[in-house]
Amino acid sequence: MARKSPARPGLPIATSRQAAVWLRSMLARQPLQVSFAILFSLIGAIATIVPVYVLGRLVDDVLADAPTSRITSVIVQILLAAIMAGLLTGAATFLVGKTGETILANLRERALEHALLLPLPLLEEAGKGDLLTRINDDVAAIARFVRNSLASLMSTLTLVVLSIAAVTTIDYRLGLGAAVSIPLGLIVLRLHMPRTRRAITQERQATSQRAQALIAGMQGVPTVRAYGLEHEQTAQISEASGQAREQILAGYQSLSRFVSAGKVVQYIGLGTVLAISFVLIQEGEQITVGEATIAALLFYRLFAPMQDILFSFNDIQAAGEGMRRLVGLINSEVVRERGRNDQPTDSTLELEAISHTYDGTAVVVRDVNLTIAAGERVALVGSTGAGKTTVAAIAAGVIRPSSGQARIGGVDLAELGSRDLRKQVAIISQEVHVFSGPLFEDLRLANPFAGDDDLQAALRTVGAHAWVHNLPEGIATMVGEGGYQLTAAQAQQIALARLVLANPPVAVLDEATAEAGSAGARELEHYAYEATHGRTTLIVAHRLTQAARADRVIVLEHGYIIEQGPHSELLKRGGRYAELWNAWEGRDKDSINDDDLE
Ligand SMILES: Nc1ncnc2c1ncn2[C@@H]1O[C@H](COP(=O)(O)OP(=O)(O)OP(=O)(O)O)[C@@H](O)[C@H]1O
């Protein structure tokens, strides 16, 4: 038997109570819709049991030799009840579906939003597979439940309560007989639920690991090929797939046992109702034959919907589990970082006594103190490994410094909630990612409320308007993986356009123009300048022309600030910056001239 891979710790999972609290808060947002859904469902259920009553009464009338004209009124009553039941059940199904879809859309959006904000170390630890399974499989499980089972579950539950109440109105002993199936059903459910829950959790873990193995295999294709590890890699994926398959099969076996036990409970209930009816009729005609017929029909009437629920029970529970996993993601403390309610007073960016170490030993940023006034543009320069990227990431709140504080408008970035943080500051890093999908969706990630005009204006600001217009389908062209491949410079422009659309008061650009070759670099520099207009800006400047344009230049070496001031002053000072500048100018003269290329 294959060795099982150790399970990763995974992302947090909410308790059932937390998921229920979240669901209640969502339902409370649509009180009218929910109230009408319940009302229609209730009246619809009453209308569906009217024909049963009418038939029972007909039995008594036939036994009492009623005239044949009685049948006409029975047909009319059944027809009216059927029309009412059809209309109301349809309306209830529509409202339940609409409420469910609204909640589902909210859940999907919130989960995706949180997924994008997940701290990278947590994501690395939990594995991307877990995250992917949540936003794909768990959302799909809930969607399946909302579309296929939610409305029928609600109408069946209403019908069960109503039917038992109706049987009780005939004779309380019949009601008790019908209710016998409830504790029995609950026992079966109680025995089955933990098993399915375990099976579903294990199935999700197994599918997460399968997704993780696939991602790892695909990302590592060059290494796998280089070392001839195809066989080991395939074996790992097969093992993860095998575990997932075993769990899915175990889930089906447990479901079939549950359905059989559910059927037995139904027949015990029907048998009890019939036996009590028999005794009640035999002993002094305490109920009529028609009433016994009504009781038996009402009970039997529940068989079909109950069977549907039994069969879709795994779906229902999978949706519940998915809900716990998604609410866990949404509620997770690490993700939520709600922050205090302090709001920045302005867009001044302050780094106070910042030091940082990644591994606890090598200190890569040392006691950096830097204040960037609102609207000021500061360039960070220094040799490779000086700590520029680290300072930029700390200034954007992407990593927390080992010591010291980064603040915007007086508020510690660590105390701003993730959402507030992204409203205040945006970072463009060297690795610009283009998400797959239509280009306009990629842009709207920065601001979901941006209209078409806003998108076009942002593209114009970053000089991308013309080439986007010339794409096969303009702004609707599919880009990213499997779509139109943007050049590095175009991807940078899109990242800048996202910055314009997000419109944060503070921008951090980490080598945003270094990707492009010399020809486009000057242009990109210009667009980066336009995109950051009016914002407090920290630019990691590998091209010193960017530094020359900034209000102030900070020179960083071995994690320390060793010089700072405006470009011209630093040149006059003849220190490290002047040295870097002379080397840069020399490089420019010796190598290809940007303007020639343009
Ligand atoms: N995630 C990390 N884990 C461990 N060490 C890191 C990490 N990122 C950077 N470092 C180290 O921290 C030091 C500073 O790196 P940083 O990327 O901040 O410098 P930089 O000035 O931006 O360099 P470059 O110009 O090459 O991008 C380097 O010694 C680097 O190896």
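## Phe145 and its contacts

Phe145 touches Leu150, Asp315, Ile316 and Ala319, leaving aside residues up to four places away in sequence. Two residues are in contact if their C-beta atoms, placed from the backbone, lie within 7 Å. Phe145 lies in helix 5 (residues 128-170). Phe145 counts as buried because 22 C-beta neighbours lie inside 10 Å. The cut-offs are these: buried means 20 or more other C-beta atoms within 10 Å of the residue's own, exposed means 12 or fewer, and partly exposed is in between, with C-beta atoms placed from the backbone. Phe145 and Gly320 are 175 residues apart in sequence, yet 9.3 Å apart in space, C-alpha to C-alpha.

## Model and overall makeup

This is a predicted model: local features need pLDDT of at least 70, side-chain atom pairs count only at pLDDT 80 or more, and totals for chains, interfaces and linings use all residues. Residues are numbered from 1 along each chain as its sequence is written.

The chain has 24 helices and 12 strands. Both are DSSP runs numbered from the N terminus: helices are H or I with at least four residues, strands are E with at least two. Of the 598 residues, 36% count as buried. Among contacts in the chain with a separation of 6 or more, 79% join residues 24 or more positions apart.

## Ligand shell

Which residues are around the ligand? They are Tyr358, Asp359, Val364, Gly382, Thr384, Gly385, Ala386, Gly387, Lys388, Thr389 and Thr390. A residue is near a molecule or strand if its C-beta atom, placed from the backbone, lies within 6 Å of it.

Helix 14 (residues 388-395) gives the largest share of this shell, three residues. By class, the shell has three nonpolar, six polar and two charged residues. Ala, Val, Leu, Ile, Met, Phe, Trp, Tyr, Cys and Pro count as nonpolar, Asp, Glu, Lys and Arg as charged, and the others, Gly among them, as polar.

Two packed helices are described by the angle between their axes and the distance between the axes. Axes are lines fitted to C-alpha atoms, for helices over the stretch in contact, and angles run from 0 to 180 degrees between N-to-C directions.

Helix 2 (residues 31-63) and helix 10 (residues 289-301) pack at about 155 degrees, with axes 8 Å apart. They are therefore roughly antiparallel to each other. The classes are: under 35 degrees roughly parallel, over 145 roughly antiparallel, 65 to 115 roughly perpendicular, the rest oblique. Helix 2 passes helix 10 in a right-handed crossing. A crossing is right-handed if the near helix is turned clockwise from the far one by less than a right angle, and left-handed if anticlockwise. On helix 2, the contact residues are Ile49, Val52, Tyr53, Leu55, Gly56, Arg57, Val59, Asp60 and Leu63. On helix 10, they are Val289, Gly290, Glu291, Thr293, Ile294, Leu297, Leu298 and Arg301. This contact has 10 nonpolar, three polar and four charged residues.

## Two further helix pairs

The axes of helix 6 (residues 172-179) and helix 9 (residues 230-282) come within 8 Å and cross at roughly 160 degrees. This pair is therefore roughly antiparallel. Helix 6 passes helix 9 in a right-handed crossing. Arg173, Leu174, Gly177 and Ala178 of helix 6 meet Gly269, Thr272, Val273, Ile276, Ser277 and Leu280 of helix 9. The residues of this contact divide into five nonpolar, four polar and one charged.

Helix 17 (residues 452-461) and helix 19 (residues 488-502) pack at about 130 degrees, with axes 9 Å apart. That makes helix 17 oblique to helix 19. Helix 17 passes helix 19 in a right-handed crossing. Asp454, Ala458, Leu459 and Thr461 of helix 17 meet Ala497, Val500 and Leu501 of helix 19. By class, this contact has five nonpolar, one polar and one charged.

## Positive phi

Most residues other than glycine have a negative phi. Ala353 has a positive phi of about 45 degrees although it is not a glycine. Ala353 is found in strand 1 (residues 349-357). Ala353 counts as exposed because 12 C-beta neighbours lie inside 10 Å.

His558 also has a positive phi, near 50 degrees, and is a residue other than glycine. His558 sits in the loop between strand 11 (552-557) and strand 12 (560-565). With 14 C-beta neighbours inside 10 Å, His558 counts as partly exposed.
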